[in-house]
Amino acid sequence: MSQSRLKYELALLFDVLVWGINFPILKVALAAMHPFVVNLFRFIFSLLVLGALHAWTHRRDRTPFFEPLRTHGRAILLLGLLGYVIYQLAFIEGVHLTTSGSAALIMASAPLWTAVISQLRGYDRLNLLGWIGLLVSLLGTVVVVIYGPRALDFSEDALLGNLLMTGAAVAWGAYTALSQPFVHRMDPASLTFFSLLLAYPILALLGLLHLDAVVWADVDATIWAALIFSGALSTGLTVAFWNHAIRHVGPSHTAAFGNLVPVVALVAGYLMLGEPITPAQLLGGAGIIGGLLLMRRARRMPLPS
């Protein structure tokens, strides 16, 4: 494997680490704020980080600051609505309404949606070994979640949350796949920044509608630290890294790394909350990593003509 590809896979592992521990951190903020208010504040920090990345890129390349909007404004708007409005609203409401086990299991289907949409659009092609690796990784995720410390909950009360998480998985899979042609036409950090910038007015409006419900006496430094972490890293820097990886290793290969998130969440739960780790969970984690290794090997094999 080339040093260049290794760099992007290490960036994806950073994404996985941040996303894996983001769930318990995000729960801290959700305990004090409505989900839409959480989005209102955390995406401010996302915009600051992504805006700085874009400013550095456009200064380096000596291009106009708003050049991406002039050349690809419509595509950026559509990707922003998909990746930051539809996905983020469905995700944060889904996490709020359903259990962590159900949320993780349903979101584990996102790489399959990415692979299917990429295949249909002709952006990416997987050979048989690649599909086997993807399915093995997904199966490992199912094992990790089912045998986690919290049982799956598909009761009537959680039905809406589960449906929202399904929509979130489809939206994120589609965003990852449909970003492919555009990350080759503009800097991925710029694409991420302007996608969020165009989507943020909707997120801000929804948050402002629930702002009066916040008990500000309960919003301490820990809450703000959680919002900064979730915004600057989980929905900021990591998404820019994700789009860079789509550009260099392909959407299906990139999406498969998302299956590592439950493994990180499992370890984070043990370290932060004292939740036990079972042998079955270790077996599932081995399946996830094994599936990713199969996909890496598949990318080095020629596709049938």
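**Reading helix packing and burial**

Guide: R62 is exposed, with a relative accessible area of 79%. Please keep in mind throughout that this is a predicted model.

Visitor: Where does R62 lie?

Guide: R62 belongs to the loop that runs between helix 2 (35-61) and helix 3. Its backbone deserves attention as well: R62 is not a glycine, yet it has a positive phi of about 55°.

Visitor: At what angle do helix 3 and helix 9 pack?

Guide: Helix 3 (residues 67-97) packs against helix 9 (residues 188-209) at an angle of about 50°, and their axes are 7 Å apart. The two are therefore oblique to each other. The crossing of helix 3 and helix 9 is right-handed. On the helix 3 side the contact includes G73, I76, L77 and G80, and on the helix 9 side it includes S195, L198, A199 and I202. The residues of this contact comprise 17 nonpolar, five polar and no charged.

Visitor: How do helix 7 and helix 10 cross?

Guide: The axes of helix 7 (residues 159-178) and helix 10 (residues 221-249) cross at roughly 55° and come within 9 Å. Helix 7 and helix 10 are therefore oblique to each other. W172, Y175 and T176 of helix 7 make the contact with V239, W242, N243 and I246 of helix 10. By class, these residues are five nonpolar, two polar and no charged.

Visitor: Which residues touch the most other members of the largest nonpolar core?

Guide: They are M33, V38 and W172, in a core of 72 residues. Helix 3 supplies the largest share of this core, twelve residues. Apart from it there is another core, of five residues, among them L126, L134, A256 and M295. As for W172, its contacts beyond four places in sequence are W19, Y87, M107, A110, T114 and W242.

Visitor: Is L40 buried or exposed?

Guide: For a single residue, one reads the relative accessible area, and under 20% counts as buried. L40, at 7%, is buried. L40 is found in helix 2. With neighbours within four places in sequence set aside, L40 is in contact with Y200, A204, G207, L208 and L211. L40 and H210 are separated by 170 residues in sequence, while their C-alpha atoms are 9.9 Å apart in space.

Visitor: What is the relative accessible area of S46?

Guide: The value for S46 is 0%, so S46 is buried. S46 is also placed in helix 2. Residues up to four places away in sequence not being counted, S46 touches L196, G231, A232, T235 and G236.

Terms used:
Residues are numbered from 1 along each chain as its sequence is written. This is a predicted model: local features need pLDDT of at least 70, side-chain atom pairs count only at pLDDT 80 or more; totals for chains, interfaces and linings use all residues. Side-chain values use heavy atoms; hydrogens and water are left out. Axes are lines fitted to C-alpha atoms, for helices over the stretch in contact, and angles run from 0 to 180 degrees between N-to-C directions. Helices (H or I, at least four residues) and strands (E, at least two) are DSSP runs, numbered from the N terminus. Angles under 35 degrees count as roughly parallel, over 145 as roughly antiparallel, 65 to 115 as roughly perpendicular and the rest as oblique. A crossing is left-handed if the near helix is turned anticlockwise from the far one by less than a right angle, and right-handed if clockwise. Contact means heavy atoms within 4.5 Å. Ala, Val, Leu, Ile, Met, Phe, Trp, Tyr, Cys and Pro count as nonpolar, Asp, Glu, Lys and Arg as charged, and the others, Gly among them, as polar. Buried means under 20% relative accessible area, exposed over 50%, partly exposed in between (1.4 Å probe, protein chains only). A nonpolar core is a set of buried Ala, Val, Leu, Ile, Met, Phe, Trp, Tyr and Cys residues joined through side-chain atoms within 4.5 Å.
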